[in-house]
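Here's a quick tour of a few spots in this model. Have the viewer open and follow along.

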Amino acid sequence: MAHYIIDAFAMIGMSYIMGFLFYGFYRQFNARVQRRWGPSVFQNFFDNMKFLFKTETIIHGPMFFFGPMIIFAGAVTTVLFVPYLKDSNWLQGFSHSGNLILIIYLLVVGPLGNALAVGSSGNPFGVMGVTRGLTRLMGLEVPFLLGLALVMVQHETASVHAIMAAQTDFAHWNLMTNPIAFIVMILPFMASQHASPFDVVGAPVEVYAGPRVEFSGRLLGVLMTQNMMMTVAKLVLIADLFLGGATTIWALIAKTFALFLLTAAVSTSFPRLRTEQTVDFFWKIPLGLGVIGVIATVWFPWS
Amino acid sequence: MTLHFTPVWFIAVPLLLAFLAPLWVRWRLLMPVLFSAQVALFALALSWIPAVRIAPILETIVIAPPLGIHLHLDAIALLLVALFSFAGAIITAFIWLDNGAAHLRERPAFILILLLIAGSNGMVLTGDIFNLYVFIEIVGVSAYALAAIRRDKTALEAGLKYLIVGSVAAIFILFAIVLLYLQTGQLNIAALAQAFSNMPAQMQLLIGLLMLIGLGIKAELFPFNFWVPDIYRGSDPEITALYSGVLVKAFLFVLFHLTFILLADPTVARNWLMALGAITMIVAELVALRQNDLRRMLAYSSLGQVGLITLALAFASEATTAGALFHMINHTFIKVLLFLLAALMLRQYASLKLTDVHGLSRTMPLAAGLFVLGALAVLGLPPLSGFISKLWILKGFSDVQTFWPVALILTAALIEAGYYFRWIRAFYAAPTDAASMAKMEGEKVLNYAPLLVIAGVLIVLGVAPFLLEDWLQQAAQALLGREALLNAVLGVQP
Amino acid sequence: MLEVLELFDRPAVLHSIYLIGSLILFFIGLYGLLAKRHLLKIFVSIEIMELAVYLILIAIATTPGETAPILSDGLTAFTGMSDPIPQALTLTAIVIGVAVTALGTSMAIQYHRLTGKVSVGEMTELKD
Amino acid sequence: MNLITKLLFLGLSFTPAATFFTWDGAVAWSLLNGITLSFDLTPLSAFFMLLLAIGAPLIAVPMLREKSDESAYALYALLLLGMQLLLLAGDFIGFFIGWEMMTWSSYLLLLRSPRTDLEGAQSYILFNLVSAFLLLAGMLFLYSITDDFRIQAVDGLLTADKLVLFVLFGLAFLIKVGALPLHLWVPRSYDQAPDLFSAFLSALMSKMGIYGLMILPLLFPDGFNEISGQIFNGPVAGYVLAWIGIITATIATFKAISQEDMKRLLAYSSIAQVGYIVTALGVGSSLAIGGALFQALVHTLVKLLLFITIAGIILQTGHRRFIDLGQLISRMPISFFGVLIGIIGLAGMPPLPGFAAKYLMYVGLIEAHWLLLLAAMILASTASFVYCYKLIYGPFLGHANSPEAKTATEAPWQYLIPQIILMGMLVALGIFPGWAIDVLIDPVLIGLNMTPIGTPAWNVLATSYGGYDGVAVMGVFATVFVLITVLFLLVRGNMHRAASPYDLSFCGEVPTADTPLHYGAGMGRELRRVPLIGWILRHTTTGFYAGLTRQTQAAAGMIGTLYGSNPQTWLLLAVLIFAVTLTIQSVTGA
Amino acid sequence: MYHNEHCEGFQCEQQQLEAALAQSGNELGALDRLMAWFRQRSLFVLAYGTGCGAIEMRPLMTSRFDAERFGIIGAATPRQADVLVISGYLAIKTLKRVIRSYEQMQAPKYVIGLGSCTINGGMYWDSYNTIKQLDHYIPVDMYVNGCMPRPEALIEGFVALQQRIAAGTPSGFERYRANIDWYKANQRRVLGDNMPPDYTYDWYHAGGVA
């Protein structure tokens, strides 16, 4: 029991730290691309703390308060159901009680809880943002899950542990053995991280309407916190599935960072798409690739 | 004096009672006599069941066949006679208990109804073809007169139209009979049957066509049934119940009886009649879709059912025939039910247009409920008896892997559902105007008693159809059993 | 001349003449039935058709030279008599026909009294 | 008197439960020679009987609130009788009898709603009758070959015969479950039916169609392989069925998103949810069938819950359109939780059992390697989030948009009791998915001669592709939720509630009661801009069926002109036909 | 100042400013100091483009002057913002929106007035429809004078604000809360009946403040 608790806190802490560092890096990276100096790597941590220490927070009814709690709980649950390390007793959380499909669904539990809070605020702009988010989810989830399903079919299991264990060395990484699945999955994965060019939902500064329009103070802090943790959980999941998992923390950081770098590079390079463009894009390019992948790996099983 | 029950009674008793009408008028017993006559006939018919089951009964009058006239009481004739008297009893009881339609409780109607019943019974029973013609005309005259008995414009118009069409049909039939006689010198149906195949083919065709058109008009088959909606619309619903429940059934029986008896090889006629039946069914159901008057709709529905019965009877397999006979019975019950309901509704509503009867279920809940029951039964939905008979017919078709009638019947039932449920929906919709919401004063449960009896019968026969099964099987065998009938009538004669 | 008349005595010729005549009668009736509008004319036409049919029956069933099928003083044998049945049938049918026509006529009269119409084409009360 | 009637009705609603628990041994009723009805409770029918046993009383309880209505009660009795007959029937005749009794009694119940219009009523009964007649045709066809009406595995049939049977039965049941493009009647009737009866229609009666579809594997025990060739490691027939299901699910989901009426939305969502089941049936593996059964179970509970709750809302406010409602969360909190639990189950989110069902179906599809179907199913189930959100946002969140919504109170207790029971059932099933597998689903699978799914423990859902632990998921989630809430409240800082619902961040502007703040009705409208969805939403089947009706009516009218009013015309026709036939027959020399 | 040995350009500027920031806030408790430090490191700005000062905000935020290096970044809605920037003259019509936005921000919150117009009306000193002294209507924490001030000046102003925050100086919001009646009276004087609704501030009276 104590093992579980320590493990859980370790995972949460690690996710949080990695999360704000990654995002800090992202902001630096972005600034450098734009020929700016950029903020500190810890800027996200500062922002988060600032919000958590705000003295005043407005709420619009109980559901508005519980929404962020649900999304936070969803994020932590996701973190705890993703195995962080391969062949280790540590940083496993409850991942033995779940599997890939469960994790994919846990990824959306939080946002839906949050959507309730947004709706509860009564701000139509927020709901507009939620609808946009759900629409984008509709677009990205299909190729995302299709890519993961290709992996599941390849390994005939939905267990992340088993998939990790099957990728013994670099040549057996799913990235190498099933590159189509990776390509199919990676763009929707970026979108699921709210990364540009698929970030019209949150649209942090420019667009008034977004799910967070009405959140303030400490609730906003909670939302930021879970976002960082969730990002890391997703990165770890993809690293587990395609990059062979990690046996040490450093390898984990390296692999997730590599994935994050890819995301960051893409997102600084491309302008933002509108919601329907996003959906259309996902249903054309990644899904088309996915169909090719299905044909290549399932219908004609020469591989 | 011992009473000797003979089949003649089925004809003689109504005739006798009809002629004694002045007596009943004086004693104010008109309706009781009418009703009890029917009930007595029904009881009489039931009492024959055990005997008929063993062997058909031949009642010769004066001289033995083939020279003399004879009545032939076999299972099918008994079935129909029982059916007619039952339907007659129900309708009579309705007229008796009803508080409207006084003209139906007077002497003319009394006589005519009895004549109609007597004639129908005679048509079913007789074994002589000219006798058949006489009965057809008796039925015809009483039916024309009954159609016009309300003696207002619509009724007279209906009566006149019916008379014109009906007497022309009778001429066709008479022509056919004349030709038959001239060719064979025989009037007995069984003897005719033996001689029929010896006639020249052209003559067979001519006679067959004359018969087909004459009886087709009377039995409401498609290209000859254009008169039906007008007549059903114009006459009293109680009377149309008689037409649809009794008259048509008698003519259908005659048509098929003659077909099956006269033709040794019924293939040709079977194809003809099946085609006619199918067309009648589909056309009538389609046309009924557009009808906005309840009685017209019921008329077309009646036509559709006649088409179905024709289709099934003409197929001439034992299962379909039995099913068709069962459907005949059901259809009689259902149409009597529905037309009598229309009569009740006419007391309440000036017109039975679709738009006028909206919300009828508020004012006449029982009537609406019974209408639903009747509609369900006519559509062949379980657990009512209509379902069993349709199932029987369909099963008969599938037994021999003939699927086109199955498809047609089901399509027709679907179209039928299309309009019946339109009416039901109208009955249960919100009423269009508040005026029609007023509850009618004369609305009595007693009015509904005969209808409830029918409803009960429909349900009982739906749940326990095996009660009638043996009888129907025998009736089907009797209808189809040409050889048996010839043997029975003509004995060992060649 | 006499031969010609004898020719007419031959059953086949006689029957043909009767048959053709009554068929002509039948078609006259049919024409009247279908073409005339007046109710009474229609009844007349129906009557004519009916009569044509009776005529056929009687004419064809009887051959020249036969006596009436009545047993009376001298006539005790059934030889040489015509077939009695057609005559009986025709009598019955005539009675029925008269009844129908009478009913029709009375109804037509009543209809005329009520509506003032006599034409079949004008009977449109039942039209929806 | 009133009370006694109501109690009788309540007792009546327990008859399925009584049948379920006390039925022993087969019963036979000889209808005609050669047609003997036999009734027995097989594992499959017991499963659906259980659904009925759960659903009927739960719908009866809120019905008690209304004035006692004997004829409605009688119709319900007939309906329940029909459904039980259908489930118990061991032969197709009995099945058909039950089926039809169900059809017409439900139609009459549908008519009791003042909202039912002609189109709704007609499409309901006609579609259902087409379904019934197809079923009848199928069983007659089966009878013509095997001389038997019993529901049992057929063998020794020609492939073509099997195909005909499959198509006839398949179409019949697909109409009943409302598969596209045969769904026209579903949204109309679910929308127009009396509010509580909608629950019955959606939760229980659509399951009878599913039961019918479940008979197909029973009829063709060796899968659908023999009906048709193989495609992608599976039978073509199953593949087609699966695609029908998933196209239904997808399109119905998009249609649901665009609805502006709560009940219509739920109607389309019913179509979609049942579409998943059809897909799973098409897959036909034991996992998929198990998933289908699970989904049937969950969908029953969820739709009962949602329709009863929404009936409560309509009762209290008199409004059913999203645009007229809003902000009921504080006025109808229990109803809010009802809908919340309902949509979580509907969307198939963990930890509620909807996820377990989806999980089984996904794994079934992955196992069959039908990944394109999987993709489409994911699309449908993700898109369903939008309408789920709309369903809870519209009535409960946002702003109250009508005077009734501003003053409504919580639904009466008769509505709340079933809601609470159903919520409890859903949560319990979510925590113990293995229990449902073990107790409810495996017996059915064994009855269908399939491998049971099996479960190591009641809280675990285990498949060959791995599983998950319901208790762990729920436990972790709940623990974290409680911890973070407590922690949040402990930390320093003031939290206050907005003093007015109009205290919104609104670009500095001041919204008032006239400002269109409620986004409920328009939600999902922007989806039309996505080309595929826009295309789907622009096209309906209504036009086709309306055209069909019009053409039939026109044909009827044309034929109807034959039926004139002039007797001379009638006779002329008869004579002409006589003459023509005579001539033709003479000339051809028949 | 831009050509030192160990630094160059912005780096020098930043180092100097950060050195200044680090010195303040010594008199607070540890936790308060931490919180104050976090606050001053992260300012979300609700840039209210009322007047010509809005032009100057753009270079401030973008690559040339890059305010993000101080943790200053734009916020979309008043709920998320810490700093309200009134950039120039303020029409009476706009004042209502500004007040509402300010009241919707969550404490601690700060106001920066840009340019002379917010101080004394500037070139609009006799305009009939602008307010002259912003401080009469909402509490201003920091003025940046000039007409218009350059982005460098803006950075100076922001940094000065950050220093004040780090030093634990209460925000102008305390003043607003304490003198709410005065502020409201002033606002009402220019706005008349067209006041923003009172539910955004009336809880100050109700004792809802912890």
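Two residues are in contact here if their C-beta atoms, placed from the backbone, lie within 7 Å. Keep in mind that this is a predicted model.

## Two helices in chain B

With that cut-off, look at α12(B), where Ala278(B), Met281(B), Ile282(B), Glu285(B), Leu286(B) and Ala288(B) meet a set of residues in α18(B). On the α18(B) side you'll find Pro405(B), Leu408(B), Ala412(B), Ile415(B), Glu416(B) and Tyr419(B). By class, this contact has 10 nonpolar, no polar and 2 charged residues.

As for the geometry, α12 (residues 267–288) and α18 (residues 404–428) of chain B pack at an angle of about 20°, and their axes are 8 Å apart. Angles under 35 degrees count as roughly parallel, so α12(B) and α18(B) are roughly parallel to each other. The crossing of α12(B) past α18(B) is left-handed.

## Where chain D touches chain A

Over at this interface, 62 residues of chain D are in contact with 68 residues of chain A. Elements giving two or more residues to the chain D side include α14 (353–368), α19 (470–490) and α20 (531–538). The largest share, 13 residues, comes from α15(D). Sorted by class, the chain D side has 44 nonpolar, 14 polar and 4 charged residues.

## One glycine in chain D

Gly557(D) sits in helix α21 (residues 542–560) of chain D. Gly557(D) counts as partly exposed because it has 13 C-beta neighbours inside 10 Å. From Gly557(D) to Ala457(D) is 100 residues in sequence and 67 Å in space, C-alpha to C-alpha.

Conventions:
Residues numbered from 1 in each chain as written. Chains lettered and ligands numbered in written order. Predicted model: local features only at pLDDT ≥ 70, side-chain atom pairs only at ≥ 80, totals over all residues. Helix = DSSP H or I, 4+ residues; strand = E, 2+ residues; numbered from the N terminus. Buried ≥ 20, exposed ≤ 12 C-beta atoms within 10 Å, placed from the backbone. Nonpolar A, V, L, I, M, F, W, Y, C, P; charged D, E, K, R; others polar. Axes fitted to C-alpha atoms, helices over the stretch in contact; angles between N-to-C directions. Parallel < 35°, antiparallel > 145°, perpendicular 65-115°, else oblique. Left-handed = near helix turned anticlockwise from the far one by under 90°.
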